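Subject: Structure for your review

Dear colleague,

I am handing over the structure that follows, together with an account of what was found in it. Please read the text beside the coordinates.

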Amino acid sequence: MGEKEYIDKMFSVDDFEKNEEEIEGGLLDNLIEEVPESLHESIMKKIDKHKNRLNFKIYGPIAAAACIIIAISFQNKVFVKSTKIESKDEAKSERKLASSGSTPEEKNTAKVYDNGMKTEDTNAKEAPSTELAKNMSNVEKSKLSGFEFNGSNEGKNPVETRGVTKSNEDKDQAEAQSLAKSNEDKSQAETRDSTKSNEDKSQAETQDIAKSNEDKSQAKTQSIAKSNDDVNQVKARSLTKSNSIAYNFEIKLSNEKNKDIIEFIEKNGEKLDENFYKLSVNNFNVLDEMLKKQGIEKITSCENIEKEVIIKINLKE
Amino acid sequence: MEERKLIERCRKNDRDAFETLILSYEKKIYNLCFYMVKNKEDAFDLTQETAIKIYKSISKFKGDSKFSTWVYRIAYNTCLDFIKRKKDELPYDDMIVNENNINYRMDNVIESKETKAIIKKCIMQLNSDYRTVIILRDISGLSYKEISDILQIEIGTVKSRINRARQALKNELIKNGIARGC
């Protein structure tokens, strides 16, 4: 019995301070308490918990970052999809409107241009985007397909007004304020800002003029104007698909005689398509000087210049 | 398996190795905690706390001292923190000895269980410093050097503290009716 021995030794010593005799250690090992059964289990549980927490600390931020990336990419996909659906819906509604004709209110404000249209609504906070919508049947007949609305559409849905296209019925409507003119009638539309005819007898004077090509089949296509991801960009400068590009000036140049001008344009401009260049206003001013010096005339398509100027070059051999 | 190998594996976050390692120390830690805080529930919690501390910091164990010494030191410091938090002297939970039931007759042979209970009670009556050295030396059977490492005091101080603790325990035993010849 360790404890008895311990007690014996304890009482054999009178004064421990002066005692030199050593009492060995561990004599009271019988007093060791038994560990509760659940102790080991709960220790390991806590260890596991701690380990998981540690893992979470390490991998948590990585997982969170991955989730954010996935969420953002997913959101972008949804956004792109919805934009596409929206633009499709718009096109559809425009087609419907085109086929059914414009409303009386729209008649008063419609301005017809060849192959392009522009809408403006001064009452609306958000400026409407430019869309080109055509009624296939009417386009075939008229080769005209553009409208412009100038802010008198109070209480009107801009989308509806935007999408109004020329139809045979429009002839009557255009008589009110803006005259729509079809090629068949060979009449020209009168607009507030005035329109000009191009070589095809159809040029639109708008901020965004959609230029139709000579290809009739393309003129038939109902939606030429392609909306970008950003609808505002479409509004600002909608470059129509394929070879229909809105431009401000057309210049006739000779490949041999006007090399310096062509070089200047190529150097300072941004090529949008074949024969179409985008220049900054400053560069355009320089170009303008060069053109004046060489006596080259510019054919104006749209004078509504903002920050950039789009020019079309007609090259002569 | 060798303790050293287990420690190495624990450093690599090997859970099983830690389980094996801690299993051999649970009892020692628990007893130190129990005698220091004088309460089974707190001892239970403190043992867990110590185990987590060991798990967290085992990679810092350099091997300068014995692993058992290192473990004891962590347990001791954990208990000290706990005592500081509590401040007031912890009440002995009385589950071992019911003073009223002890009617010792010195001239009779006292049952072993009773002796143990009395000694335990007397140890619990000691102050914290004395109690600690009695646990480490007389119950756990550690050497002076080990105790010195755990308590971070000189060996001479350990010896003298043990002597004083024993003297105090002897006095307590006498108070509780235990005398020579039991």
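A salt bridge is taken here as a side-chain nitrogen of Lys or Arg within 4 Å of a carboxyl oxygen of Asp or Glu. Please keep in mind throughout that this is a predicted model, and that the distances and areas below are computed from it.

By that rule B:Arg9 forms a salt bridge with B:Asp14, and the closest N and O atoms of the two are 2.8 Å apart. B:Arg9 itself is partly exposed, with a relative accessible area of 29%. Salt bridges that share partners also join A:Asp48, B:Arg15, B:Asp16 and B:Glu19 into one network. The structure holds 19 salt bridges over all chains, and four salt bridges are found across the interface of chain A and chain B.

Another salt bridge is formed by the side chains of A:Glu34 and B:Lys27, at 3.1 Å from N to O. A:Glu34 lies in the loop between helix H1 (2–12) and helix H2 (38–100) of chain A, while B:Lys27 lies in helix H3 of chain B, so the pair joins two chains. With a relative accessible area of 56%, A:Glu34 is exposed, whereas B:Lys27, at 34% relative accessibility, counts as partly exposed.

A salt bridge within chain A pairs A:Lys292 with A:Asp288, where the closest N and O atoms are 3.8 Å apart. Both residues lie in helix H10 (residues 281–293) of chain A, four residues apart, which is about one turn of the helix. A:Lys292 is exposed, with a relative accessible area of 56%, but A:Asp288 is buried, with a relative accessible area of 13%.

Turning to the interface as a whole, the contact takes 40 residues from chain A and 48 residues from chain B. The two chains, A and B, bury about 4200 Å² between them, and 63% of this area is on carbon and sulfur atoms. On the side of chain A, the residues that lose the most area to chain B are A:Phe11, A:Leu31 and A:Glu33, which together account for 18% of what that side buries.

The aromatic residues come next. A pair of aromatic rings is described by the distance of the centres and the angle of the planes. The count comes to nine aromatic pairs over all chains. One of them, formed by B:Tyr30 and B:Phe34, is stacked, with 6.5 Å centre to centre and 10 degrees between the planes. Both B:Tyr30 and B:Phe34 lie in helix H3 (residues 26–37) of chain B, four residues apart, or about one turn of the helix. B:Tyr30 is buried, with a relative accessible area of 1%, and B:Phe34 is buried as well, with a relative accessible area of 0%.

The rings of B:Phe67 and B:Trp70 have their centres 5.5 Å apart and their planes at 35 degrees, so this pair is tilted. These two residues, B:Phe67 and B:Trp70, both lie in helix H5 (residues 67–86) of chain B, three residues apart, about one turn of the helix, and both are buried. Ring pairs also link B:Phe67 and B:Trp70 with B:Tyr25 and B:Phe61 into a cluster.

In chain B the charged end of B:Arg137 sits over the ring of B:Tyr144, 4.3 Å from its centre. In chain A, A:Lys298 lies over the face of A:Phe249, at 5.5 Å from the ring centre.

Finally, some strand pairing in chain A. Strand S5 (residues 270–273) and strand S6 (residues 276–280) of chain A pair in the antiparallel sense over three bridges, and A:Glu270 stands opposite A:Lys278 in S6(A). The hairpin of S5(A) and S6(A) has two residues between the strands, and A:Asn275 in this hairpin takes a positive phi near 70 degrees. S6(A) also pairs with strand S8 (residues 308–316) of chain A, in the antiparallel sense and over five bridges, with A:Phe276 standing opposite A:Lys312 in S8(A).

With kind regards

Note on methods: Residues numbered from 1 in each chain as written. Chains lettered and ligands numbered in written order. Predicted model: local features only at pLDDT ≥ 70, side-chain atom pairs only at ≥ 80, totals over all residues. Heavy atoms only, no water. Pairing = 2+ DSSP bridges. Phe/Tyr/Trp six-rings, centres within 6.5 Å; stacked < 30°, edge-to-face > 60°. Buried < 20%, exposed > 50% of the residue type's maximum accessible area, 1.4 Å probe, protein only. Lys NZ or Arg CZ within 6 Å of the ring centre and 35° of its normal. Contact = heavy atoms within 4.5 Å. Buried area = accessible area lost by both parts, 1.4 Å probe.
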